[in-house]
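Reader: Hi! I'm new to this one, could you show it to me and walk me through it?

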Amino acid sequence: MQHPRERALSSALDLDDFARLARRKLPKAVYGYVANGAEAMVARDNNRAAFGHWRMVTRVLRDVSARSQETTLFGKRYAAPFGIAPMGASAVVAYDADNAMARAAREAGIPYALSANSITPLEEVAKSNPDSWFAAYQSPDPSKIERMLGRVEAAGFDVYMLTVDVPVGSNRVNDKRAGYSMPLRPTPRLTWDGLTHPGWLAGTFARTFLARGVPEISNLEAKGRIGIFSREVAVIAGHDDFGWREAELIRKLWRGKFVIKGLLSAEDARIARDLGADGVVVSNHGGRQLDSAVSPLEVLPEIRREAGDMAVLCDSGFRHGSDVLKALALGADFVLVGRPFLFAAAVAGEAGVQRAIGILSKEIDIDLALLGVDGPGDVGPEVLREAMAPRRGV
Ligand SMILES: Cc1cc2nc3c(=O)[nH]c(=O)nc-3n(C[C@H](O)[C@H](O)[C@H](O)COP(=O)(O)O)c2cc1C
């Protein structure tokens, strides 16, 4: 007989299925923390709708039997043109999620970005996957910048990604309504929510306590950790006094690849290019920050024009192979995907993430063949047409 976990896994046929499966397993507050966007969730929903704006023109009879989706980025060859986006507090959602995602990415030959807002020490994740990227919520204090870069470099990371779209935390009304907060508050409601989801309570929450004690956010500073029940957690996310001057300092001090994540303006891309960044991630944080933010897809072409030699990465709402290829056609070099991989970890740990990666790769492979091209580098604007009429859902 199939183990329930394996049964769940084999019933996942596309990335959205992992959200459906995780929803059953996770407490409402924890599921909501991952799934929700800010305020009225307009940006989150628009991220999906934006893909429906485009249709694709196929070419036929072109012998696509030699196709490959391998992609070179930051001097490394990856097996696919997508990677796993940084997600904070992942370990609240799935047991050992940071390591599970890091290992699955390594196995599949795609990049994994560890969020600074995580409980697994970055040195440990570097062992699980020496090619991991580090995504910082950096304090602007120059001495803290220097010490943090020293720590990240000593652990062996080559890619330092600076998340810039969180000068302040957003208003996550839906998280509040569902009872999720950071620091976690064991209110009667949250306790009940946990107790009624024993799979998560025993398999994630209790197991994490047994393995690590009270979980602590471990990667925000070079030294010092903050317990997830501590009040200090609430003030750590944003640094509203961080500016381009500090980004420039990072560029000066960091010998590896420097990537700026979370911009939507072509002018900001130009500034990033001028200060010597190696890449930018066009992102609205999955619709979790400014709720009226444009979808990255809407601004990709203008950002590509300003990017020069920088790599242009893109995220927010990617769920299908055709979504990835649409972004490439609009000027992206690479795509990051967030929520589906964390849900996959919640459903079945590393094996779940591996399956999710496999599903997206397979879709990309099929779509390349159906478009009549040999690889991501052959997908240009000529494959796109604007949809004739707006359609709901994609
Ligand atoms: C649960 C969760 C936590 C996140 N935490 C971070 C973070 O710590 N740092 C960061 O740069 N982005 C963070 N993000 C944003 C993701 O890196 C990414 O931009 C976004 O999830 C992409 O959208 P998608 O989930 O629709 O694929 C988080 C997203 C989610 C869903």
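Author: Happy to, and we can start with the ligand and then visit a few loop residues. Keep in mind that this is a predicted model.

Reader: Thanks! How many residues surround the ligand, and which are the closest?

Author: There are 21 residues around the ligand, and the closest are Pro86, Ser115, Thr163, Asp315 and Arg319.

Reader: What about a nitrogen atom of the ligand?

Author: For that, look at Tyr137: a polar atom of its side chain lies 3.1 Å from a ligand nitrogen.

Reader: How much of the ligand's accessible area does the protein cover?

Author: On its own the ligand has 600 Å² of accessible area, and the protein covers 98% of that.

Reader: Nice. Switching topic: where is Gln138?

Author: Gln138 is in the loop that runs between strand 6 (133-136) and helix 8 (142-154).

Reader: Is Gln138 buried or exposed, and why?

Author: Gln138 counts as buried because its relative accessibility is 4%, and the cut-off for buried is under 20%.

Reader: Which side chain does Gln138 join in a polar contact?

Author: That would be Tyr160, whose side chain is linked to the one of Gln138 by a polar contact of 2.8 Å.

Reader: Got it. Now, where should I look for Ser283?

Author: Look in the loop between strand 11 (279-282) and helix 14 (296-307). Ser283 has a relative accessibility of 1%, so this residue counts as buried too.

Reader: What does the side chain of Ser283 reach?

Author: The Ser283 side chain reaches the backbone nitrogen of His285, at 2.8 Å.

Reader: One last stop: where is Pro215, and is it buried or exposed?

Author: Pro215 belongs to the loop between helix 11 (198-212) and strand 8 (216-217). With a relative accessible area of 7%, Pro215 is buried.

Reader: And how far apart are Pro215 and Glu6?

Author: In sequence, Pro215 and Glu6 are 209 residues apart, while in space their C-alpha atoms are 28 Å apart.

Technical notes
Residues are numbered from 1 along each chain as its sequence is written. This is a predicted model: local features need pLDDT of at least 70, side-chain atom pairs count only at pLDDT 80 or more; totals for chains, interfaces and linings use all residues. Side-chain values use heavy atoms; hydrogens and water are left out. A residue is near a molecule or strand if one of its heavy atoms lies within 4 Å of it. A polar contact is a pair of N or O atoms within 3.5 Å; within protein, one must be able to donate a hydrogen and the other to accept it, and residues adjacent in sequence count only if both atoms are side-chain atoms. Accessible areas come from the Shrake-Rupley method with a 1.4 Å probe; for residues, only the protein chains shown count as cover. Helices (H or I, at least four residues) and strands (E, at least two) are DSSP runs, numbered from the N terminus. Buried means under 20% relative accessible area, exposed over 50%, partly exposed in between (1.4 Å probe, protein chains only).
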